[in-house]
Amino acid sequence: VVTERRYDPLTGEWRIFAPAGLDRTSVRPSDQCPLCPTRPGGPVTEVPAPAYQIAVLDDRFPSMTAHPPAPALAGTQLYGVAPALGAAELVLYTDRHDQTFADLDVARIARLVDVWADRYAVLGSRDEIEYVFVFENKGTVLGVTLEHPHGQVFGFPDLPPAVHDELTAAQRHLEQHGTCVVCDVVAHERSDGVRVVAANEHFVAYVPFAARFPYEVHVTSTRHATSLLDLSDPERLSLAALLKQVTQGFDALFDRSLPYVMSMHQAPVRGEHWLAVSHLHLEFTPPNRTADTLKHLAGPELGARAFVNDTQPEQTAAQLRDAVHKAVG
Ligand SMILES: [Zn+2]
Ligand SMILES: [Zn+2]
Ligand SMILES: [Zn+2]
């Protein structure tokens, strides 16, 4: 399998070609988990220590790397080809195999926020990286084969398409209204309250007005913080506390561990001009539309990029708010 980036002239987007990563090979029994610590007398895992708090590992099958192989074929004027330059890391949340994000205590999540901020700084200092993307795929329904609680960090050599589109829309809003669109949205949601799922001093969790997924939740700083590095210690703690509540609420919603994709959006690591339109937020997109059915991406979504949502964000927000109350008490 090749590892390279190819430019699609039909859409103007770069795509990554890479072998299946550690997370995308076959499902393994829990006693062969490569992310568990190396127990005395047990098999050597990816983490050569008998216990750990949080661990950061290079993906052994990276989508992007600091020293990528030469592409398998040469690019042309029509078809751009580039080495898969960048970074791919795993962040292990705990050495406890059977936990999920929602089980972590707030102090551990606050440490995780520090680790994410640290990866943003470290990967962002590399010349070849323009965007640091923190994310988590949770649940076998999303193709996750390693149940061990973990997320990932990609270092992109350019702005990935969704980020580019979001920043372009924010730039347009800034030119038209003179304000950060995320600041405007957060202020509106906080005063309106109908789509707010949970909130605390420095962060708010809400279902977007035009959510793509029934239980989509964005966790956003109330202040115009551009990245995790821009957060004070009290703000980091506030974020950790709200992430705990939101993930507990997700699990209480259908009384089962809810799968989701978590995507963190923050400022590109280069380009001062992005700071005015980069406002830190985490997007949770659970695929469920009910306890037992999933929202599938089909014709409208894949063919027209037009999401059809058969739920009402004001109602799903109320459901999630109740679930958070039930979970947190
Ligand atoms: Zn494990
Ligand atoms: Zn803002
Ligand atoms: Zn976003």
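Tutor: We begin with a definition: buried means under 20% relative accessible area, exposed means over 50%, and partly exposed covers what lies in between. Please note also that this is a predicted model.

Student: Is Glu314 buried, partly exposed or exposed?

Tutor: Glu314 is found in helix H6, which covers residues 313-328. Its relative accessible area is 22%. The buried class requires a value under 20%, so Glu314 is classed as partly exposed.

Student: Which residues does Glu314 touch, not counting residues up to four places away in sequence?

Tutor: Leu57 lies 257 residues from Glu314 in sequence, and the C-alpha atoms of the two are 40 Å apart. With residues up to four places away in sequence left out, the residues that Glu314 touches are Val194, Arg195 and Phe209.

Student: What arrangement do the 4 donor atoms form around the zinc ion (ligand 1)?

Tutor: The ion is coordinated by Cys33 (SG), Cys36 (SG), His97 (ND1) and His148 (ND1), at 2.0 to 2.3 Å. Ideal angles for four tetrahedral donors are 109.5 degrees. The 4 donor atoms around the zinc ion (ligand 1) subtend angles of 102 to 116 degrees, and the arrangement is therefore tetrahedral.

Student: How many residues apart are Cys33 and His148?

Tutor: Along the chain, the donors of the zinc ion (ligand 1) have the spacing C-x2-C-x60-H-x50-H. Cys33 sits in the loop between strand S2 (13-17) and strand S3 (55-58), while His148 sits in the loop between strand S6 (131-138) and strand S7 (150-156). Both Cys33 and His148 are buried. The pair links distant parts of the chain, with a separation of 115 residues.

Student: Which class of accessibility does His224 fall into?

Tutor: Cys180 is buried, with a relative accessible area of 9%. For His224 the relative accessible area is 24%, so His224 is partly exposed.

Student: Which helix and which strand hold Glu166 and His265?

Tutor: The zinc ion (ligand 3) is coordinated by Glu166 (OE), Glu166 (OE), His265 (ND1), His281 (NE2) and Glu283 (OE), at 2.0 to 2.3 Å. Glu166 and His265 tie together parts that are 99 residues apart in sequence, because they lie in helix H2 (residues 161-177) and strand S11 (residues 260-265), respectively.

Student: Is Ser263 buried or exposed?

Tutor: Ser263 lies in strand S11. It touches residues including His281 and Glu283. At 14% relative accessibility, Ser263 counts as buried.

Student: What is the handedness of the crossing in which H1 passes H4?

Tutor: The axes of helix H1 (residues 106-124) and helix H4 (residues 233-253) come within 8 Å and cross at roughly 120 degrees. That angle makes H1 oblique to H4. Residues of H1, among them Val106 and Trp116, meet residues of H4, including Arg236 and Lys244. The crossing in which H1 passes H4 is right-handed.

Methods: Residues are numbered from 1 along each chain as its sequence is written. Chains are lettered from A and ligands numbered from 1 in the order in which they are written. This is a predicted model: local features need pLDDT of at least 70, side-chain atom pairs count only at pLDDT 80 or more; totals for chains, interfaces and linings use all residues. Side-chain values use heavy atoms; hydrogens and water are left out. Donors are N, O and S atoms within 2.8 Å of the metal (3.2 Å for Na, K and Ca); water is not among the atoms, so sites may look incomplete. Four donors count as tetrahedral if all angles lie between 85 and 135 degrees; four count as square planar and six as octahedral if opposite donors are over 155 degrees apart and all others between 65 and 115; anything else is irregular. Helices (H or I, at least four residues) and strands (E, at least two) are DSSP runs, numbered from the N terminus. Buried means under 20% relative accessible area, exposed over 50%, partly exposed in between (1.4 Å probe, protein chains only). Axes are lines fitted to C-alpha atoms, for helices over the stretch in contact, and angles run from 0 to 180 degrees between N-to-C directions. Angles under 35 degrees count as roughly parallel, over 145 as roughly antiparallel, 65 to 115 as roughly perpendicular and the rest as oblique. A crossing is left-handed if the near helix is turned anticlockwise from the far one by less than a right angle, and right-handed if clockwise. Contact means heavy atoms within 4.5 Å.
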